[in-house]
Amino acid sequence: MLTIDGITVRLGGRPILERASATIPQGARVGLIGRNGAGKSTLMKALIGQIEPDEGQIGKPSRARLGYIAQEAPSGLTTPEEAVLAADVERANLLEEAETCTDVDRLGEVHERLLAIDAYSAPARAAKILVGLGFDEEMQRRPLDSFSGGWKMRVALGALLFSEPDVLLLDEPSNHLDLEATLWLENFLKSYPATLLVISHERDLLNNVVDHILHLQGGKLALYSGGYDAFEKQRAERAAQLASAKAAQDAQRARLQDYVARNSARASTAKQAQARAKMLAKMQPIAALMEDPSLSFEFPSPEELRSPMITLDGAAVGYGEAPPILQRLNLRIDADDRLALLGRNGNGKTTLARLLAAQLQPAEGDMAAPGKLKVGYFTQYQVEELASDATPVELMTRAMDGKTPGAVRAQLGRFGFSGPRATTNVEQLSGGERARLALALITRDAPHLLILDEPTNHLDVDAREALVQALNDYAGAVILISHDRHMVELTADRLVLVDGGTAKDYAGSMDDYIDFVLGRNQPKKEAKPGQAKTSSGNSAKSRAKARFIKSELATAEKAMAKLQASLSEIDQAMYEPANAVPHLADRTMSDLLTQRAKVSDKLEKAEAEWLALGEQLEALEQA
């Protein structure tokens, strides 16, 4: 059990956490959420001992290993495979000792321990994690210094997952991942066997992985049962209750103030008026839930433009004299398209986006677009490259050269920059505010087409929802690259898969693509033209067997869902007895623990059966 007992943390004299308390049950899977700048990372650093609280204390399980990604990415000539394997310090030390040990008895103990910790299967486990995070076999053996910072952070994440700490702490783990690696990570975390505390703004991850939400607001912590949707419902109910209570208190306060004002001067009622004045002084105001009125996205409406907006006919694109990254591109972008680019990092999504934004020219083939087409192209690098010593007003004035101050202020206001925020230096803005400013800058001339490459990396959950709403209200076309599938599902109505050196419309739904990724990790290569499929793959017998396995998979999934629901009910009975379901309300803690162990064992077996069936189906489909 991890306890946070009344901790206060001040940074630069400003309180970030103020008498914050929470108890995280052993084995719980907790999503830590809060607005940008609320103090989530500060709390995480306090938990691992990087920051000492000014007041209060943190209680950790005795001898429990806490795992957290270091701030600096790994580097050097070490390969990703070696870096991940080295994360199991005990295994590395035992293997080293086995090489030099001359004491026969001690050598026997070393080998027994290596067997006990399953040390010899470690390379296979490490490779599986790295493949899930996007490293193919060749990449796993390259030196770390040949990778970008984002890929190095993937190695750091892989090493942490491989080490299997008793308490796994993750701070925005999907920020350096593409959609495919994010899906793999979510699937991995679902079955993580120990306590998990993850800072995330991914709604799907928070719904599918965690069983508690730890909400940080105003320096305080509140623990909620369930995933993010359950938290939202509870928060809405609480907001309604607070609003009702505040309205009742305001009415009472008004009546008391009126009585005091009317009766203080009269001798016969002066004492009663004084008593009511004391009641007013002691009355603690009920604060409504804090909302950020500046959280705002509103894209200006473009002028009407006929379709097609852009057409690619046999186009190829690359960089310099190197071979093209993408070839055989035949795409049409219409004025009302809402399109998401799918595919692993490195397959060419950003290259295609730059071609469509006219930042790259086709090396061969044709690209047609009207001369008056205006494109707003957002990348996460624009957020990092904003001049830190300038204000939003100064940056927008430069970008909208010749426009009136009123027009400049109006564009900033669409993105929540009004009043003092418009004249605050960029270096003092949060990551989310900088992202909003970058979006304001690229849409200043009302573009017909928005191309957004990972626009959510700096945005919290509420800001992402506001962005989704703004995109759905926007009258132009949208091309989206994002690892946030909640945003993709709510925004895009057309999917394009960038894979195999080209880009084609993906015929399936987002759910189909998720199933595809989780089942295979690597995109499946299409058969070459004229290449016949194997007779076994087309046989009626194979199809019948596949249907049977799919039926068994559906049954296994239902069993897992039922067992998971039982676990949630038992956990609620253990940690919130007042809200326990009737058939568990009178059980003792000992009975609940025993029942939980039995259900967990059944769930583990059901998951193993589900995985085995999935492997059978995959082998059958690839035959």
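The conversation below turns to the sheet, the helices packed on it and the chain as a whole.

Tutor: This is a predicted model, in which local features need pLDDT of at least 70 and side-chain atom pairs count only at pLDDT 80 or more, while totals for chains, interfaces and linings use all residues. Residues are numbered from 1 along each chain as its sequence is written, and side-chain values use heavy atoms, with hydrogens and water left out.

Student: What makes strand 8 and strand 9 a pair?

Tutor: Two strands pair if DSSP finds at least two bridges between them, a strand being a DSSP run of E with at least two residues, numbered from the N terminus. Strand 8 (residues 212-217) is joined to strand 9 by 6 bridges, so the two count as a pair, and they run antiparallel. Within this pairing, Leu216 has Leu221 of strand 9 as its bridge partner.

Student: Why is the sheet, with its order 5-6-7-3-8-9, called open?

Tutor: The 6 strands form an open sheet with mixed pairing. Strand 5 (66-67) and strand 9 (220-225) stand at its edges, and because each has a single partner strand, one side of each lacks a neighbour in the sheet.

Student: How do you know that helix 7 packs on the sheet?

Tutor: Contact means heavy atoms within 4.5 Å, and helix 7 (residues 149-163) touches strand 5 and strand 6.

Student: What share of the protein chain counts as buried?

Tutor: Buried means under 20% relative accessible area (1.4 Å probe, protein chains only), and 44% of the 623 residues count as such.

Technical notes: Helices (H or I, at least four residues) and strands (E, at least two) are DSSP runs, numbered from the N terminus. Axes are lines fitted to C-alpha atoms, for helices over the stretch in contact, and angles run from 0 to 180 degrees between N-to-C directions. Buried means under 20% relative accessible area, exposed over 50%, partly exposed in between (1.4 Å probe, protein chains only).
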